[in-house]
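Dear colleague,

I am passing on the structure we spoke about, and would be glad if you could look it over alongside the notes that follow it.

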Amino acid sequence: MIAALNVLSALDRKLLRDLWHMRGQVLAIAAVIMGGVATLVMSLSTYDSLTTTRDRFYRDYRFAELFVNLKRAPEPVAERLREIPGIDRLETRVRAGVKLEVAGFADPITGMLLSVPDSGDALLNGLHMKRGRMVQPYSGDEVVLSDTLADAHRLEPGDRIAAIINGKRKALRVVGVAVSPEYVYQIAPGSMFPDFKRYGVLWMGRNALGAAYDMEGAFNNATATLARGASMQEVLDRVDAILGPYGGTGAYPRKDQFSNRFLSEELKQLQTTATIFPAIFLGVAAFLLNVVISRLIALQREQIAILKAFGYTHLAIGWHFVKLVLVVVALGVAAGTALGAWFGRWLADVYQETTFRFPYLDYLLNAGTVLMALLVSASAAITGTLFSVFRAARLTPAEGMRPETPTVYRATVLERIGLQRWLSAPTRMIVRHIERRPVKSLLTVLGISCACGLMMVGNYQKGAIDFMVDVQFRQSAREDLALTFIEPTSGKALHELAALPGVMHVEGFRDVPAMLRFENYSYRSAIFGIEPEGRLHRSLDRDLQPVRLPASGVVLTDHLANKMLHVKPGDLLTVEVLEGKRQVAQVPVLGITQQFLGVSAYMRQESLNELLHEGNVLSGAYLALEPGAEQAVYAELHERPRVLGMVANASAIRSFYATIGEFVLFYNLVASLLAGAIGFGVVYNSARIALSEGGRELASLRVLGFTRGEIAYILLGELAVLALAAIPVGMLVGIGLVGILVQAFESELYRLPLILNADNYASGAAVIVVSALLSGWLVWRKLGKLDLVAVLKTRE
Amino acid sequence: MGIAEQHELVFRARGLTKIYRMGQVEVPALRGIDLELFAGELVVLLGPSGSGKSTLLNILGGLDTPSSGEVFYLDHNLTEAGESDLTQFRRDHVGFVFQFYNLIPSLTARENVAVVTEISQAPMRPEEALALVNLGERLDHFPAQLSGGEQQRVAIARAIAKNPAVLLCDEPTGALDSQTGVVVLEALEKVNRELGTLTVLITHNVGIADMADRVVRLSDGHIVESRANPAKRPAHELSW
Ligand SMILES: Nc1ncnc2c1ncn2[C@@H]1O[C@H](COP(=O)(O)OP(=O)(O)OP(=O)(O)O)[C@@H](O)[C@H]1O
Ligand SMILES: [Mg+2]
């Protein structure tokens, strides 16, 4: 250390000693910078890792660019599709919704069975085999499982499962476990969250599946890639024109493909996170550096003047202080990068485990990300200190030797309105200190309140999810079991279901894919026909009260109406049914409903039946079950050939909480850590600055016989006032930040509710209180070491 | 000697030493001081720079503790007192005046005095104390709005407002010109005369010694002279 010091210039040695002398503050500020850099590095590196992995996966496994489902077309129709100009490669498949049976698991499992070609590799949407092998050509019973389902049930190549395909049980042999670019994100149609135990994708030879699903020589799904320069819209239109007569439900591009769509949304959120949070941290760090460096320069006025007198240039002095700032930044960036990389790796793992499945996830920390963190932090820090450094650099020697003009105090507002009688002299000191520098006091309050706000954001997720689950499952979709029929079925089926032992109540629904259009806007969705006064499945208004569905009109989710179709109640919506006779009708919008998950259009079931020119026909039913009867009902329904799939709410919720547990834990931990860093950074620095500025005063008071407690009151009282003021402000900041998140994360997939409960507020306030107490304690210890004699020997 | 016999003994110091340790180097500031101070006396401490005057005054005032030896204030042994006892001692019995005033910039003249009276047993009113130093008109001015001499008089008012038994002044005129210095000394003299406060005054100006009842001279950590001053002169006659 000493040897190292000797090679440094005298000014650099001063720099190191200054830093050492302020080490507590330096560390506190570096910790705030660390928070910003950590969130930046975490989000950007995870973003980079996910995009790079995704792009590689999509490319290497030939993820399609166009997708279409249809009822059934003979294979030769594919040739017509291939002739469409702009289509590069096109592959047809058979796609079958199935019920699955896994030994030892009684809950209903639904699956999506997809065909793979028997001759040669799949042209598109290749599978990455994690274990085992592909199905053998023309094998009758071999399947490859998606790894999520396999892992959730510990299924390995060689194990046997069964599927109910088209009402017929078929025994299947697992030969491999794979991941597909098409199903990076897997979620059962109509369900709210991924449930790896109860939903999975399976691949089977084209011949075998065709035979089992009555699709020999035909297909009901096609995917394609486009030639370079082709117009997606034109190709989509042509595909629809050809497949319309075959029950095509509308071709859609990759950006609307569900798994890809969800992944893109998540990536967008990471980018938002990479902007908002680092901005807060670095803003606060800039403020703290400003305060600390200004104070340092004020303290070193005379030293600076003397250095100047001895011939140091403006530039040398300015650079000296900039270097000091840069050392703090470097510390923060180094620690932040390490922490961010650790967070990022963890987050990537959590993603891989709970949400997205890639064949591999290479965690990637780009040099560019680190460089960016460094640049952003350094510019924030330098911007924060520019003015003070500039002043120091310009200080003339003569001016510097003169004492600074004394601070002017005034009677405060509180006193001018006649309250001074009630204030003791120490209390007046507190009030005057705060009032003397209103901007600094205000910024301090804002800085501390950021800690509260960040903490609230970090804990927000849990409450929001609870709320969404509550709204979704206890107010809107209150059924215990939702089942879909293999094809539209007469309403009489309800009687049969109601008669099953263990079933308490049954409501039917009809749903049909449809294109909704209004003026230039359109959205491919489905129309849900439900009972107008259903007890199980209800749509909710703005106040989350169930709405009675009006006759012969449609009710839309707020996001769909306001943000996507731009319709308001009273407008006429064009509904193009994408199935069967493909009716087109003008339907009035009669109401707006609130819904956090997905977007839907609701009608009365009978109105929808009418629109479809059909009688009382259902697509499925919602069931309320007697407690304890679940397993028996599942078993009974599993045997019914007309029942295609079942989603059980209670188990879905349970498994959801199990999977998000880790996410919630992750965000809570990150938030607490970082909010703590900000809270402590601001409070501790304010306390140290106050101590530095008021040390002389306080020591004088000690000389006059004030106890340590009494001077602590003056010093910490000021901080306590600022910290207390920061609590309500922080709560507003928290609401604001959550509001920004809610806005930023809004999509048709889901909207987060702006819900903050008492726990959120309490945790935000707690961060402030804890940081204040900790800083108070540290400063209290410093107060014990005040040198009473030293202050008496020196001029101010 | 006459005064010493008539008045109560306030401070008694025996064999006081003070050694500052700075790493390996030891700096002896006091090398065995024996001193007695009596109620009502005005004592001037003289001596070259570095002779230990401030060190001695700080030990008497309970701001510092000696390395060896004993100091008694009445029957309190200050050498054995702990940190909080010393605080209480300063609070109840000692008034300090320093070269650089050490006023609280965020408080007005009146409040700078009140800050002490609020924590004392039987203080005078701040206005009274300020009137005693002829500052009755500048009550609501902040230190930055007062001249050096005025600030020093506020410091004196602050020191005497609690009716202390002792007033310890370390170069109270050190930062002032001779004319302003006289005004400050007059204030001290008045307090000493009217309230009978034991006053110890450190100065570099031999001329000021003329206003003392007794002059104590320090050199290199020793007391080299302690003499009564029968030819005591009022402060307004002094100049330097
Ligand atoms: N905190 C300290 N650390 C080390 N040495 C000190 C300290 N304070 C005082 N000294 C030394 O003790 C000796 C006496 O100092 P003191 O302040 O009592 O002198 P003084 O007589 O008041 O001088 P002056 O007239 O210049 O104020 C000096 O040699 C000084 O260097
Ligand atoms: Mg001295």
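**Interface between the chains**

About 2500 Å² is buried between chain B and chain A, and carbon and sulfur atoms give 62% of that area. On the side of chain B, the residues that lose the most area to chain A are Phe100(B), Asn102(B) and Ser106(B), which together make up 20% of what that side buries. Please keep in mind throughout that this is a predicted model.

Counted by residues in contact, the interface brings 25 residues of chain B against 32 residues of chain A.

As to which elements of chain B take part, α3 (83-93), β6 (94-98) and α4 (109-117) each supply at least two residues to the side that touches chain A, and the largest share, 4 residues, comes from α3(B). By residue class, that side of chain B divides into 12 nonpolar, 5 polar and 8 charged residues.

**The sheet of chain B**

Chain B holds an open sheet of 6 strands with mixed pairing, in the order β6-β7-β8-β3-β9-β10. Because β6(B) and β10(B) (222-228) stand at the edges with a single partner strand each, one side of each is left without a neighbour in the sheet. From one strand to the next the twist averages 15°.

Within this order, β3(B) (residues 42-46) and β9(B) (residues 214-219) run parallel and are joined by 4 bridges, with Val44(B) having Val215(B) as its bridge partner. The helix α3(B), which supplies the largest share of the side touching chain A, also packs on the sheet, where it touches β6(B) and β7(B) (166-170) and its direction makes about 85° with that of β6(B).

**Strand pairing in chain A**

In chain A, strand β15 (residues 554-557) is joined by 4 bridges to strand β17 (residues 584-593), the two running parallel, and Val554(A) stands opposite Val589(A) in β17(A). With strand β18(A) (residues 601-604), β15(A) pairs in the antiparallel sense over 2 bridges, and here Leu556(A) stands opposite Ala601(A).

With best wishes

Notes
Residues numbered from 1 in each chain as written. Chains lettered and ligands numbered in written order. Predicted model: local features only at pLDDT ≥ 70, side-chain atom pairs only at ≥ 80, totals over all residues. Heavy atoms only, no water. Contact = heavy atoms within 4.5 Å. Buried area = accessible area lost by both parts, 1.4 Å probe. Nonpolar A, V, L, I, M, F, W, Y, C, P; charged D, E, K, R; others polar. Pairing = 2+ DSSP bridges. Axes fitted to C-alpha atoms, helices over the stretch in contact; angles between N-to-C directions.
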